[in-house]
Amino acid sequence: MRLDYLVRRLIQFLVVLWGAATLNFILPRLAPGNPVRERLLSALATGGYQQAGIEEMVRAYNEQFGLDKPLWVQYLLYIQHAFQLDFGYSIASYPSKVLNLIMAALPWTISLLLVSTLISFALGTLLGALMAWPRSPKFLRHLVLPMMALSAIPYYLLGLVLVYALGIALPLFPISGGFAVGTLPNWSWGFFQDAIYHSILPAFSIVLSAVGFWAIGMRGMMVTTEGEDYVVYAEAKGIPDRGIFLHYALRNAILPQLTSLALSLGTVVSGAVVVEIVFGYPGVGSLLFQAIAALDYFVIYGVVFMTVLAIAVATILLDLTYPLVDPRISYRGA
Amino acid sequence: MADLSLALPPRARAVSAAPSRLDVFRDYARRNPELIVGLVVVGALLAIGLIGPLFVDVRQAQPMRAVPGQPPSARYLLGTDDQGRNLLAVMVAGLPLTLKVGFLAGAVGLSIGTLLGLTAGYLGGTVDTVISMIVDIILTVPGLLILITIAASIKTFISVEVLALVVASLAWPRPTRTIRSQVLTLRERGYIQVARRSGLGTPEIILFQLLPNLLPYLAASFVTAVSATILASIGLEVLGLGPQNDPTVGQTIYWAIKYNALLRNMWWWWIPPILVVVLMFVGLFLISSGLDEVANPRRRRVV
């Protein structure tokens with residue numbers, strides 16, 4: 001791996017973050033009026049939010065962004081704060097800091113998405129491999145169309161149907177939330193079980209909609225490996241079917257799948273924004289939804305910036321470790 | 001020149017000396033029946049929006065025009081929602097709006113992508129490096145989140161057209177990349193080289209030599225682009241960031257979630273819009289996989 005590749009990659013990483021931060025700075029100023037200030041004023045006028053905090057907030061923001069200073073000074077201050085992960089205070093739940101709200105939501109999102117991504121990957125890859133394998137049971141062949149249809153449907157709509165079918169019509173699972181109402185998150189075994197129980201439906205809807213994607217991709221790869229000379233050679237040598245399937249066809253077909261798995265793990269944070277909302281799951285997606293509903297701009301921008309950061313870090317790490325996973329990729333002369 | 005004959009295997013081309021466009025299409029559709037099924041599904045959805053207003057009073061798609069919270073009956077075939085919208089009217093009025101967002105955003109995104117992809121692929125050099133780098137950067141950021149930020153900031157004056165433009169603002173990098181790679185395979189072909197040596201300018205080569213040969217590929221990309229932009233726009237609408245006063249399909253799902261239609265067993269409120277969305281995606285998916293043979297040069301030989 002050459003040094004200039006690393007440097008170029010790092011520059012790209014910084015450009016992405018700078019772009020996200022700049023977008024957050026520009027957007028409120030593009031809209032007619034200043035939505036941030038209007039939001040604060042309307043909260044003050046209606047008195048719906050903690051009235052006592054409003055004056056302090058206006059002062060805090062004036063101080064933080066130097067709203068009296070020239071625009072470019074405001075911009076530099078803003079960028080500086082963003083790179084220090086300081087997104088200021090939430091408007092709707094002042095005086096919580098945006099970063100703390102995000103940090104509380106992040107573990108929920110990451111664990112839900114990590115587990116469901118891995119399950120759908122394992123299940124889909126195996127199904128896809130079997131779907132393409134000439135000697136597997138006939139019924140698997142007919143799964144191609146349903147799998148394609150599944151992968152074409154947005155996951156949150158599958159989620160809605162699941163909520164109704166398994167949560168309301170047939171009340172097997174809780175339909176909303178990340179844990180039982182009335183409990184507080186803690187490290188006990190009982191809470192852990194409860195959290196798992198609550199995550200089954202959202203996880204199921206993610207797995208169900210992603211499994212088709214993995215199956216179709218794997219099937220495509222398997223079909224190409226089956227024609228390869230080494231598979232024919234292995235057959236001629238008299239290696240048992242199962243051995244050919246596992247060690248020759250599957251093993252070589254799975255490498256591109258691992259590459260896309262790595263990529264999709266990078267998007268774990270943003271993957272299920274809408275699914276969390278459907279299930280009222282206490283993760284980043286729900287935080288974002290509430291922020292949108294309350295026009296809590298600083299929370300919105302904080303979530304976006306943190307997600308972009310997470311994805312940028314993940315992709316740069318994956319890029320650097322790819323050659324270890326797939327020896328066919330190397331960055332010499334990239 | 002740029003018709004589907006590209007997609008025919010050599011033998012079929014030799015047998016029918018001068019196949020008419022209809023014959024070519026029939027031949028192609030026989031080999032790719034999913035294309036017809038997809039076209040029928042999407043066509044039927046379009047027809048609901050086009051012919052529906054003749055039978056259904058679309059004004060009832062607005063709040064307070066019908067008795068609120070009614071289950072399906074002879075008077076309201078799909079029932080009504082809490083705000084007194086006739087949900088059948090909502091479907092008839094909303095379907096074309098949702099499709100309009102998709103087609104508009106898909107067209108804008110694909111046009112920008114085609115322009116940039118052609119330029120980057122044909123010119124190469126610094127222009128290519130800069131365009132490719134911007135595309136790479138944008139492709140790494142989470143599209144829906146950026147769209148959410150934009151849509152939330154301008155939430156107060158979002159309309160169907162504005163929503164389409166918001167979605168289109170992130171719909172061009174992927175087409176740029178795929179069209180660039182198509183141009184890279186085309187630009188060393190004989191006729192392009194002949195054109196270049198005969199002194200044709202760059203814009204002429206791009207417009208009259210490259211573009212016509214990309215048309216079948218662009219047609220297939222358009223379906224993919226529309227599907228992606230509809231997915232994005234419905235995602236935004238379900239979050240409540242769609243046009244607030246228009247009865248789009250995604251916005252209907254948002255209202256249903258917001259007013260707890262699921263828990264209150266008002267199935268007529270949320271099942272029809274979901275069915276319609278699912279049909280729309282499956283239809284578009286079938287069309288695009290039916291056009292795969294046109295779009296994917298590797299499959300042209302197989303058949």
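Buried means under 20% relative accessible area, exposed over 50%, and partly exposed in between, with a 1.4 Å probe and the protein chains only. This is a predicted model, in which local features need pLDDT of at least 70, side-chain atom pairs count only at pLDDT 80 or more, and totals for chains, interfaces and linings use all residues. Residues are numbered from 1 along each chain as its sequence is written, chains are lettered from A and ligands numbered from 1 in the order in which they are written, and side-chain values use heavy atoms, with hydrogens and water left out.

**View 1. Chain A, overall.** Chain A holds 15 helices and zero strands (DSSP runs numbered from the N terminus: helices are H or I with at least four residues, strands E with at least two). Of its 334 residues, 47% are buried. Among chain A contacts (heavy atoms within 4.5 Å) with a separation of 6 or more, 72% join residues 24 or more positions apart.

**View 2. The second largest cavity.** The whole structure has four cavities of 30 Å³ or more. A cavity is a set of points on a 1 Å grid over the protein atoms alone where a 1.4 Å probe fits but cannot get out; lining residues have an atom within 4 Å of a point. H1(A) provides the largest share, four residues.

**View 3. Salt bridge A:Asp86 to A:Lys97.** The side chains of A:Asp86 and A:Lys97 meet in a salt bridge at 3.5 Å, N to O (a side-chain nitrogen of Lys or Arg within 4 Å of a carboxyl oxygen of Asp or Glu). A:Asp86 is partly exposed at 22% relative accessible area. A:Lys97 is partly exposed too, at 30%.

**View 4. Salt bridge B:Arg264 to B:Asp82.** The N to O distance between the side chains of B:Arg264 and B:Asp82 is 2.8 Å in this salt bridge. B:Arg264 lies in the loop between helix H11 (249-258) and helix H12 (267-290) of chain B, and B:Asp82 in the loop between helix H3 (33-55) and helix H4 (87-123) of chain B, so the pair ties together parts 182 residues apart in sequence.

Conventions:
1 Å grid on protein atoms, 1.4 Å probe; cavity = no way out; pocket = protein on both sides within 12 Å on 5 of 7 lines; lining within 4 Å. Points joined across faces, edges and corners; volume = space filled by probe spheres on them.
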